[in-house]
Amino acid sequence: MNMKDFIKDLDFSRKSSTVVFLIAILVLIGAFIWWLNIPFIEDIFTNGTIMLIMVLGFQLFMGNSGILNWSYVGYVGIGAFASAIFSMTPALKALQIPTMYPFLISLHLPFPLALIAGALVAMIVAALVAWPLMRLSDSVGAITQFALLIVINVLLSQWSQVTNGPRTFTLGGTRLTSFWLVLGVAVLVIILVYCYKESSLGLKLRATRDDRYAARSSGINFVAVRYVAYVASAGIGGLAGGLYSHYILSITAASFYLNELFLLLSMLVIGGSMSVSGAFFGTLLVTLLRQGLRQVELFLYKTGFEASGSAEIVVAIILIAFLIWRPNGITGGRELTWQSIKRMLPIASEKKDPISNNLKKEEKA
Amino acid sequence: MNAQIFFEFAINVLSMGSLYALIALGLVFVFGICKLINFAYGEFITVGAYVLYFLGVFTSLPWPLVFLIGILSSVAVGYLSELVAFRPFRGRSLDALLVTSFAVSVILQRLFQLGISPRSKAVPVPAFFNMNIELFGLTTPLRNLLIIAITVVLLLILTVIMKYTVLGVAMRGASENFVTARLMGVPANLVISVAFIISGFLAGVVAIFWTARTGSAEPLMGMSPLLIGFIAVVIGGMHSLPGAVVGGYVYALIANILSLTLPTSLLSFRDAVMFAIVIAFLVLKPEGLLRGNYQEERVG
């Protein structure tokens, strides 16, 4: 990618308006919630923003390549465990996870570096395994990614010397992931994912998604283009995993398996997997929906009716409904831009549309 | 002594392999025609298991009737899920179908957790299932021999149906090339519904023998047969029915050999090894052991 050309291409009013809008919405919501100063809502926002980072990383590969990337949530898990191992002090690790390999116990990095190291570990794992898998598309590709998720999950849940095995991995200490850190990382990731999508690499990947044969005959190297996006996606997933583990403070391999994947998948598909705005609004919508349903569940529980898990049923039904009637999600696979907002406002569109304006003038005359 | 170990190993592989072959066959029937990897297939089995539990605990129906109703309920769930969730996706993208089957699976699991219980329920098993049989100087429960016999009978019946009936020929035609089959007058809805019904039927049979081995039913029990089915289908070849059967037996063979040879400290990683084999197959030999009619596009 030629950086100079890319920057020249950034037409502020048209292309990058998406980034500005998404960041503005996120920061405004964040600032408002900070001002409200209610811990319960701050907790929901921080969790939701961590999910947003995960969904954005998910979108980076899956949305642009069209390959159902089941293994993604495995990289989130790798990042979560790896960054926790880096950030915990040796004494704490020896206390919490006595079975751990001695050389892992002796590792120690300050928290920000540990987060980056966790993301790097996820990227290295992805880089090592992904090359041959990138040749596969369609159902074969989906099964391969699924099989990879299971391999990662078995390793995370059984490797007692690294992840404490099937037992809970407790980080101990204080909560290092803060409200503003998560918000800042989310802003950076929005910029990164959007710039990737608009870059020449992203364009090539989207071309392989839209027409395999045309893309190939235009000289696009499928495997290489997919590989870069896959590894980058794993890196963002790993970063989000690190933020997650330092926020929740106790994790198990089961937290990074099919339930979590289903949530990410429904957020991305309901929003519209082909655009960054889709990932953003899908996360927003599903988070609000789930929190609302959880309140209903709690209310029902108080009245003596066990309803836990009904939120997932509702999300799943909405997901199927979207796939049937609006398969490209609420955004329809488009980005939120200044133009699309103007189109939604009736006054602005009148000015913009010369033919209908002329017609109206003639009518008046 | 050695012969005895060999026979024990052989019976284990054959009985497990028969069960796995039925699981894989149920998956591949749907995959062959719709090109859908049905994630909800495991829940078809769970439904059968729960019906066995309810009928076995709360009624005193004779066993053949219990089994029949169990199988029929799996068939019903298979057919209904096709009608409600999968039919709107005719001619749409493969990923949409795949995500839908995942969502159907989540819905059914949560319904079991909400409606029945998140904890496992003990499923009664008829006494003759666990009756010990002397064979070649070793004892084995009758159910191990029963599953082998039933699998042989089912495979024969399915072979006759697929080879000599109009419906079978239509289904084979549809799985080879759906568009051409439709042009020849094969009704799409009928063929796809029958595929789901056969898939549900096999799930019902699997439910009987799966619960006979584990002795319980729980909301998430569908996961392990589903994973086994995946592996067997990939190894055998995703586009051929005989391939699925071969894959089932090969999986049982590999799993048994790994259980015997892996040291106990590594035994918990067995699934990782199995799925690494799956990935290797998909990358190096995507058509599986038995080559079917491999094609990229999906229609329907």
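Modeller: Residues are numbered from 1 along each chain as its sequence is written, chains are lettered from A and ligands numbered from 1 in the order in which they are written. The model is predicted, so local features need pLDDT of at least 70 and side-chain atom pairs count only at pLDDT 80 or more, while totals for chains, interfaces and linings use all residues.

Biologist: Why is Phe31(B) called buried?

Modeller: A residue is buried if 20 or more other C-beta atoms lie within 10 Å of its own, exposed if 12 or fewer, and partly exposed in between; the C-beta atoms are placed from the backbone. Phe31(B) has 24 such neighbours inside 10 Å, so it counts as buried.

Biologist: Where does Phe31(B) lie, and which residues is Phe31(B) in contact with, leaving aside its neighbours within four places in sequence?

Modeller: Phe31(B) lies in helix α1 of chain B, residues 2-34. Helices (H or I, at least four residues) and strands (E, at least two) are DSSP runs, numbered from the N terminus. Two residues are in contact if their C-beta atoms, placed from the backbone, lie within 7 Å. With neighbours within four places set aside, Phe31(B) is in contact with Leu36(B), Ile37(B) and Met238(B). Ala195(B) is 164 residues from Phe31(B) in sequence, and their C-alpha atoms are 8.9 Å apart.

Biologist: Is Val84(B) buried or exposed, and what makes it so?

Modeller: Exposed, because Val84(B) has 11 C-beta neighbours inside 10 Å. Its place is in helix α3 of chain B, residues 63-86. From Val84(B) to Val278(B), 194 residues along the chain, the C-alpha separation is 32 Å.

Biologist: How do you know the size of chain A agrees with a compact globule?

Modeller: The radius of gyration is taken over C-alpha atoms, and the globule rule is 2.2 Å times the number of residues to the power 0.38. For 365 residues a compact globule would have a value near 21 Å; chain A has 22 Å, which agrees. Along the principal axes, its C-alpha atoms fill a box of roughly 85 × 60 × 40 Å. Chain A holds 19 helices and two strands, and 46% of its residues count as buried.

Biologist: And how do you know it for chain B?

Modeller: With 300 residues, a compact globule would be near 19 Å, and chain B has 19 Å, so the two agree. The C-alpha trace of chain B spans about 60 × 45 × 40 Å. Chain B comes to twelve helices and four strands, with 49% of its residues buried.

Biologist: What makes α8(B) largely enclosed?

Modeller: 20 of its 27 residues are buried, so α8(B) is largely enclosed by the rest of the structure. The expected span of a helix is 1.5 Å times one less than its number of residues. Helix α8 of chain B, residues 188-214, reaches 38 Å from its first C-alpha to its last, close to the expected 39 Å. Just after α8(B), Gly215(B) takes a positive phi of about 75°.

Biologist: How many residues of α4(B) are buried?

Modeller: 18 of 22, and α4(B) is mostly covered. Helix α4 of chain B, residues 94-115, reaches 31 Å, close to the 32 Å expected.

Biologist: What makes the phi of Asn37(A) worth a note?

Modeller: Most residues other than glycine have a negative phi. Asn37(A) is not a glycine, and its phi is near 60°, a positive value. Asn37(A) sits in the loop between α2 and α3 of chain A. With 8 other C-beta atoms within 10 Å, Asn37(A) is exposed. Lys35(B) also has a positive phi, about 60°, although it is not a glycine. Lys35(B) is in the loop between α1 and α2 of chain B. Lys35(B) is buried, because 22 other C-beta atoms lie within 10 Å.

Biologist: How many residues of chain A are in contact with chain B?

Modeller: 32 residues of chain A are in contact with 34 of chain B. α8(A) gives the most to the chain A side, with 13 residues. By class, that side has 25 nonpolar, five polar and two charged residues. Ala, Val, Leu, Ile, Met, Phe, Trp, Tyr, Cys and Pro count as nonpolar, Asp, Glu, Lys and Arg as charged, and the others, Gly among them, as polar.
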